[in-house]
Amino acid sequence: MTTTQTQTIIDSTARPRPMFEIADLAVSFDSAGGRIGAVDGLSLAIHPRQTVALVGESGCGKSVTAMTVLQLIPRPPGRFDRGSILFEGRDLLSLTEKQMLKVRGGEIAMIFQEPMTSLNPVYTIGDQIIEAVLLHQKVSQKEAVEIAVAAMDDVGISKPAQRLRAYPHQFSGGMRQRVMIAMALACQPKLLLADEPTTALDVTIQAQILELLADLQRDRDMAMMLITHDLGVVAENADVVCMMYAGRVVEYATVYDLFEKSHHPYTRGLFKSMPKLGEIKHRLTTIDEVTNDPDQFKKLPGYEKGIVPWWPAMVPPDDLAKSPGRADSVLYEIEPDHWVGCWRTEYLEHHPSRRPDIAFRRDDLA
Amino acid sequence: MWWTAVVMTSSAGLLIIAHALAALNTDRNDESGKPSAGGATARLFVGAMLLLTASGLVGTLGKPQLDTTDYSIGAQDHGVFALFAPVPHDHTKPQVYLRNQRPGGPYLRVVPWGGSSAAQDLGLTDSRRDGDLAVEAGGSLTLDTPLRALRHGQGVRNRDQPMADFTIVTRSVQRFSVSLYGAATIGDVLETIERTSGGAIQAGISHDGRRVELLDLTAKRSIHLLGTDDVGSDVAARLIHATRVALSIGFVSTGIAVLIGITFGAAMGYFGGWVDILGMRIIEIFMAIPRLFLLLTVIAFIGPQWNQYMLYAMMAVIGALSWMNPARFIRAEFMRLRDQEFVQSARACGLPVRSILFKHMLPNGVTPVLVDASFTVAAAIFIETGLSFLGLGIKPPGSSWGQMLSGAVDPASGVFHWWLAILPGVMIFLTVFALNLIGDALRDSIDPKLKPDLTSPPRRTRKVRVERRHARPGGRS
């Protein structure tokens with residue numbers, strides 16, 4: 001055991017420090033029926049120029065995570081129960097509202113799912129971009145206009161100077177999403193939180209927007225947290241995937257590892273439930289069919305010792321999972337750079353693995 | 001200035017009628033479903049109203065009030081209504097002021113009111129102010145009042161008259177000076193004036209013993225189209241002045257209400273939680289306060305010496321008790337807007353709360369308040385009119401439609417002059433009607449459900465158009 005720990009320490013010193021790191025984050029909301037945990041024990045790390053995809057079904061806490069990063073969660077009813085969000089060494093959760101104003105838009109920008117409603121209908125595109133620029137950069141009005149024009153040009157909008165005077169309703173959905181991106185990137189953020197940026201767009205525009213984001217990311221060394229539930233988008237764009245279910249991370253791996261050898265039954269069920277090109281099937285397997293099979297949870301090496309994939313419908317293997325004030329699941333590094341969300345058990349309590357942190361970038365392979 | 005006001009008021013009146021007709025017309029014949037003629041007229045009308053308000057504000061806040069009283073007549077004149085007038089003309093009430101400058105001195109000067117700096121030097125800016133009494137406090141003038149008893153006043157210097165011992169400031173006669181040598185009482189003064197003028201000027205003491213009154217029997221009388229009221233004020237002029245009072249109360253109090261309401265409602269809607277709960281309780285408390293009775297209480301505390309500030313007090317109280325509706329509308333709108341993506345995105349951009357609330361959310365949520373505001377203006381005008389009718393609001397010499405209405409019955413004789421009731425009544429009706437029309441027009445133009453009205457039975461012309469518009473090549477029919 002001592003050797004493992006030493007090994008971990010050596011490893012961590014050798015690895016590059018992530019620019020952005022979430023550790024054991026827990027967010028919950030007060031409701032009439034009591035306190036509801038939206039995110040419980042989430043950890044992830046993002047390096048510069050890297051795209052980390054947050055994947056999961058609706059309501060699994062993807063957007064709450066992104067909103068928490070910028071402290072956009074209304075408190076109350078929201079509450080940060082545990083954890084830290086480190087951005088370049090600062091804990092974002094401990095910043096005051098005033099300090100957050102500088103971070104929002106300036107260092108961490110966010111783009112939203114609905115381009116149709118994400119722009120204020122009563123102001124021109126230019127007004128909105130320029131306002132954001134003036135807020136975060138010490139420039140004159142004239143320079144701000146130039147920056148806005150350049151930003152519009154960067155996202156591929158033709159005649160940018162002219163289009164600055166247009167209102168959002170004069171733009172199509174794809175163009176509006178480009179404007180949103182221009183607005184988010186006008187202040188040169190280091191991290192971009194893209195909350196389902198292409199969900200509302202059709203497939204061609206989706207491809208264009210994602211390509212645009214990838215280009216801009218490469219040019220600016222920008223990190224990106226890509227929130228999506230589209231596995232196709234993940235496969236094409238993500239470097240690292242953080243698979244979520246019910247507020248917990250169920251699997252955390254590079255995009256190749258995850259798609260080739262998924263370890264969590266939920267991930268496996270998810271892949272099985274998707275049609276594959278060239279495969280003839282009368283009926284697809286549902287996720288439930290996989291997760292309802294107890295044998296699926298016994299496949300991890302070390303199952304006997306207490307390494308059991310976490311699943312809300314399952315009876316916890318150990319009383320430790322019920323200990324209050326702590327997450328019932330822990331991320332266990334089942335093989336190098338591949339984490340699986342497992343029940344908190346006696347064994348895992350004594351054999352903790354390092355926090356998920358993968359510096360992998362698919363560009364580096366090429 | 002008088003005529004500007006006349007022109008503005010009449011154009012406003014014309015616009016009201018035009019708008020009413022246009023609105024009725026568009027309701028009936030609206031084929032396109034778009035606000036066209038009615039909308040344009042409404043905009044014009046709003047402009048005219050704003051102009052009137054501006055003039056009213058300038059008139060109210062500025063020093064000189066509209067000169068509504070014609071002192072050369074002083075008695076009730078029935079103008080174009082003379083045909084119906086049962087009461088004969090009465091010329092007994094010229095109004096003049098006597099100010100003592102150096103008691104016992106031998107010299108009296110009479111200066112005309114208008115244009116002379118003498119009146120202002122004497123501080124006589126308001127013709128009916130109590131401070132203008134010529135006698136010591138508590139006393140009243142009789143023919144036997146000795147000149148010595150007259151109160152000390154300031155001396156007035158000007159180029160032609162280095163110093164006079166007494167000055168009468170009057171509207172009714174030309175400038176003249178007489179020597180009071182040997183005069184000891186007021187009676188002597190009056191006699192001197194009559195004698196010197198050769199009988200052209202009648203001099204006397206007002207029946208309340210407050211003023212010396214002069215009447216130039218040879219002076220030309222001015223024309224009062226709508227007649228004068230019981231103290232000789234021109235009704236037309238007072239109607240116009242009352243327009244300014246009513247509109248400025250309406251718009252200023254609504255402005256106050258909307259300002260408070262927006263600030264309050266914005267905070268409640270945006271922050272929610274305990275701010276919202278507390279805010280709603282405060283709103284409920286305020287809604288429980290009857291506006292009229294609080295106004296009566298406030299008025300009870302305003303002494304007669306503060307009468308000139310009554311207008312502002314009414315604006316403040318009506319405004320302070322009308323903000324609940326705007327606040328609730330804004331709250332509801334902001335609760336809706338708060339979760340809109342563009343607000344989230346504004347927050348994610350790092351915009352400060354102030355900018356999000358008032359720059360991004362307010363323009364998107366202010367329309368219901370604008371609709372409500374036009375009704376609030378009408379309500380405020382009603383309140384002012386009602387209070388003034390009861391004699392509690394604007395008091396003479398200020399004019400108000402309500403006060404003019406109540407003046408239609410002569411308090412002394414009990415005679416009802418119906419034209420004195422009709423004119424302010426029509427003004428109240430037209431103004432409130434116009435404001436309600438504006439409110440309706442605004443609401444209709446905002447409500448998307450009302451726009452293309454294809455559900456009501458189409459008229460012949462519309463039917464043709466609708467079919468033509470919907471006809472598609474290869475479609476059915």
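This is a predicted model: local features need pLDDT of at least 70, side-chain atom pairs count only at pLDDT 80 or more; totals for chains, interfaces and linings use all residues.
H5(B) passes H8(B) in a right-handed crossing.

Residues from both helices form this contact. H5(B) contributes B:Val245, B:Ser248, B:Ile249, B:Val252, B:Ser253, B:Ile256, B:Ala257 and B:Ile260. They meet B:Leu311, B:Met314, B:Met315, B:Ala316, B:Ile318, B:Gly319 and B:Ala320 in H8(B). By class, the contact of H5(B) with H8(B) holds 12 nonpolar and three polar residues, and no charged ones.

H5(B) also packs against helix H14 of chain B. H5 covers residues 235-271, and H14 covers residues 418-446. Here the angle is about 30°, and the axes are 11 Å apart. That angle makes H5(B) roughly parallel to H14(B), because angles under 35 degrees count as roughly parallel. The crossing of H5(B) past H14(B) is right-handed.

On the H5(B) side, the contact with H14(B) involves B:Val235, B:Leu239, B:Thr243, B:Leu247 and B:Phe251. Their partners in H14(B) are B:Leu420, B:Leu423, B:Pro424, B:Met427, B:Thr431 and B:Leu435. This contact of H5(B) with H14(B) comprises nine nonpolar residues and two polar ones, with no charged residues.

Definitions and conventions
Residues are numbered from 1 along each chain as its sequence is written. Chains are lettered from A and ligands numbered from 1 in the order in which they are written. Side-chain values use heavy atoms; hydrogens and water are left out. Axes are lines fitted to C-alpha atoms, for helices over the stretch in contact, and angles run from 0 to 180 degrees between N-to-C directions. Helices (H or I, at least four residues) and strands (E, at least two) are DSSP runs, numbered from the N terminus. Angles under 35 degrees count as roughly parallel, over 145 as roughly antiparallel, 65 to 115 as roughly perpendicular and the rest as oblique. A crossing is left-handed if the near helix is turned anticlockwise from the far one by less than a right angle, and right-handed if clockwise. Contact means heavy atoms within 4.5 Å. Ala, Val, Leu, Ile, Met, Phe, Trp, Tyr, Cys and Pro count as nonpolar, Asp, Glu, Lys and Arg as charged, and the others, Gly among them, as polar.
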